[in-house]
Amino acid sequence: MDSTSPDLALSVDSVANDLKNQNLRSDDGNDRKRLGLNLEDLNWDHSFVRELPGDPRTDNMPREVLHACYTKVLPSAEVEGPQLVAWSESVSELLDLDPQEFERPDIPSLFSGASTMVGALPYAQCYGGHQFGMWAGQLGDGRAITLGEIINSRSERWELQLKGAGKTPYSRFADGLAVLRSSIREFLCSEAMHSLGIPTTRALCLVTTGKHVTRDMFYDGNPKEEPGAIVCRVAQSFLRFGSYQIHAIRGKEDLSIVRALADYAIRHHFPHIETMNRSESLSFSTGNEDHSVVDLTSNKYAAWAVEVAERTATLIASWQGVGFTHGVLNTDNMSILGLSIDYGPFGFLDAFDPSYTPNTTDLPGRRYCFANQPDIGLWNIGKFTSTLSTAQLIDDKEANYAMERYGTKFMDEYQAIMTKKLGLPKYNKQLISKLLNNMAVDKVDYTNFFRVLSNIKADPSIPEKELLVPLKVVLLDIGKERKEAWIIWVKSYIEELAASGISDEERKVKMDGVNPKYVLRNYLCQSAIDAAEIGDFGEVRRLLKLMERPYDEQPGMEKYARLPPAWAYRPGVGMLSCSS
């Protein structure tokens, strides 16, 4: 579909309105008890389009979109015999959607964008961003098209978005499409992160388009055809730091849009900030030499900036806890809600390596490597608060305080997470630092080490030669000198545990509740991708089910907790580029 035609300029609104009162679902005589709504009965709302300035044009011609937060545009990906790969039952529950709906023959057509969903009003969002530390100008939803917002029975607002649905004005030189490989990764990781307890965008379903897409995966001049796919992403909002930056950078004429977007976010996603009053005593010393005070009740934008900073700090601390590396922490990939968003070249640590990056584009400087994520989060918060300062929503003192709160919140959260991972009664910096150093030296598997650590008994009388027995499955091929280093550490660790007074059994339950047995390692994704590319979606569905309970033993599934096999280190498995 070529939506650049002037004749189609009104098509977005007309199609949506024409379908409003239609029911696309015929009565098939199915008498099974329904557990939720059908698609036609979802409670749609379009607050983003209704309350914020939009692009007067509705074509998808790549261009600068000025003075607007979005462009109305229809999905246009070519489709031929689309298929449903997998869907998330827990996300369907969020939307009050009946699970039977995914048995409908028109589901692949609806979620590929080939058929327009009743009540939807599709648009692509305008935003900019700093990429690898440099301002990149207008970016926007280049291959993601939002269908609208669903308000569920709990009055929660959930935005539905099709990623890979075709060109938008923000596609620049790209085709607006997505391949099955990257779509499987995003679908599975969205749900895996949620089950780990980490804030994230979600994924409702994944469909193939039945068409092929050309991609040069390694930028080596050898493009190949890959199966096309579209994932339906779900989040309470897809607003990013870059959603605000683009308008502040464009100058005085657009500063009012920054304020409008801030008001929109607070009204719909931070309503408690609107109802703050001075009796709540949210006044804080900045910690500066002048002992100045920031009163968050006197400026809702300052209170909002602080909450965005703290949510971001909490998010990144949780990543560090499970060994997750995002890979592309540009400001356009930072959610104002503190969600993990835009799963591209992500990776969970296998062997512990603080300098690990899963992104080939990031290899020269490793800006976004695992160890740098906390600092990059702060850098990005600095750009966000600078944007609010430019729009005169907060002053310099309030901006600095938000950054200060990021640092404090990150350290509080990270220390709490690491204390729980080790089952300690209180944070012990020296013990934890020495452990991480040992793990890095011996390239110990991050996930498996913390999982088996709970098997250590708090018994100082254990003979020295037996101290490492509980860890033998993770301390592989270490020599005498390194064994001694580990024995010294385990002795110190046991002393700490013995002083806590907690039984070994109780501590093991608590530790296993925060140290997952299963994470979405890249080689597991690749196995599912390889099968799916030849039409077998079973492994995608098995991984989805497995990752719903990452902290449980799940007998019979132990192979999914194994170390990566040798083939997992080939190009394209553990390393991906930004635009894959």
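Let us begin with a pair of helices. Helix α6 (residues 241–249) and helix α10 (residues 373–390) have axes that come within 9 Å and cross at roughly 40°. That angle makes α6 oblique to α10. The crossing of α6 past α10 is left-handed. On the α6 side, the residues that take part are F241, Y244, Q245 and A248, and they meet N380, I381, K383, F384, T387 and T390 in α10. Sorted by class, this contact has five nonpolar, four polar and one charged residues.

Please remember that this is a predicted model, so everything described here is computed from that prediction.

Helix α10 has another partner to look at. The axes of α10 and helix α11 (residues 396–421) come within 9 Å and cross at roughly 160°. How do α10 and α11 run relative to each other, roughly parallel or roughly antiparallel? An angle over 145 degrees counts as roughly antiparallel, and α10 and α11 are therefore roughly antiparallel to each other. Here α10 passes α11 in a right-handed crossing.

Which residues of α10 and α11 meet? From α10 come Q373, P374, G377, L378, I381, G382, T385 and S389, and from α11 come D396, A399, A402, M403, Y406 and F410. By class, the contact of α10 with α11 has eight nonpolar, five polar and one charged residues.

| Helix pair | Axes come within | Crossing angle |
|---|---|---|
| α6 and α10 | 9 Å | roughly 40° |
| α10 and α11 | 9 Å | roughly 160° |

**The whole chain**

Now step back from the helix pairs. The protein chain has 17 helices and 14 strands. Of its 580 residues, 57% are buried. Among contacts with a separation of 6 or more, 73% are between residues 24 or more positions apart.

Is T146 buried or exposed? With a relative accessibility of 1%, T146 counts as buried, because the cut-off for buried is under 20%. The T146 side chain makes a polar contact of 3.2 Å with the side chain of E159. A polar contact of 3.1 Å also joins the side chains of T146 and Q161. Setting aside neighbours within four places in sequence, T146 is in contact with L121, P122, Y123, E159, L160 and Q161.

Next comes L84, in strand β3 (residues 83–87). L84 is buried too, with a relative accessible area of 18%. Which residues does L84 touch, not counting those up to four places away in sequence? They are F102, I107, P108, C205, L206, V207, F537 and R541. L84 and T209 are 125 residues apart along the chain, yet their C-alpha atoms are separated by 9.3 Å.

E274 belongs to helix α8 (residues 271–274). With a relative accessible area of 39%, E274 is partly exposed. Apart from neighbours within four places in sequence, E274 is in contact with I266, R267 and K300. From E274 to N299 there are 25 residues in sequence and 10.0 Å in space, C-alpha to C-alpha.

**Two backbone angles to look up**

Most residues other than glycine have a negative phi. D342 is in the loop between β13 (324–325) and β14 (347–348). Although D342 is not a glycine, its phi is positive, at about 65°. D342 counts as buried, at 12% relative accessibility.

The other residue is K443, in the loop between α12 (429–441) and α13 (446–453). K443 also has a positive phi, near 50°, in a residue other than glycine. Is K443 buried or exposed? K443 is exposed, with a relative accessible area of 61%.

How values were computed. Residues are numbered from 1 along each chain as its sequence is written. This is a predicted model: local features need pLDDT of at least 70, side-chain atom pairs count only at pLDDT 80 or more; totals for chains, interfaces and linings use all residues. Side-chain values use heavy atoms; hydrogens and water are left out. Axes are lines fitted to C-alpha atoms, for helices over the stretch in contact, and angles run from 0 to 180 degrees between N-to-C directions. Helices (H or I, at least four residues) and strands (E, at least two) are DSSP runs, numbered from the N terminus. Angles under 35 degrees count as roughly parallel, over 145 as roughly antiparallel, 65 to 115 as roughly perpendicular and the rest as oblique. A crossing is left-handed if the near helix is turned anticlockwise from the far one by less than a right angle, and right-handed if clockwise. Contact means heavy atoms within 4.5 Å. Ala, Val, Leu, Ile, Met, Phe, Trp, Tyr, Cys and Pro count as nonpolar, Asp, Glu, Lys and Arg as charged, and the others, Gly among them, as polar. Buried means under 20% relative accessible area, exposed over 50%, partly exposed in between (1.4 Å probe, protein chains only). A polar contact is a pair of N or O atoms within 3.5 Å; within protein, one must be able to donate a hydrogen and the other to accept it, and residues adjacent in sequence count only if both atoms are side-chain atoms.
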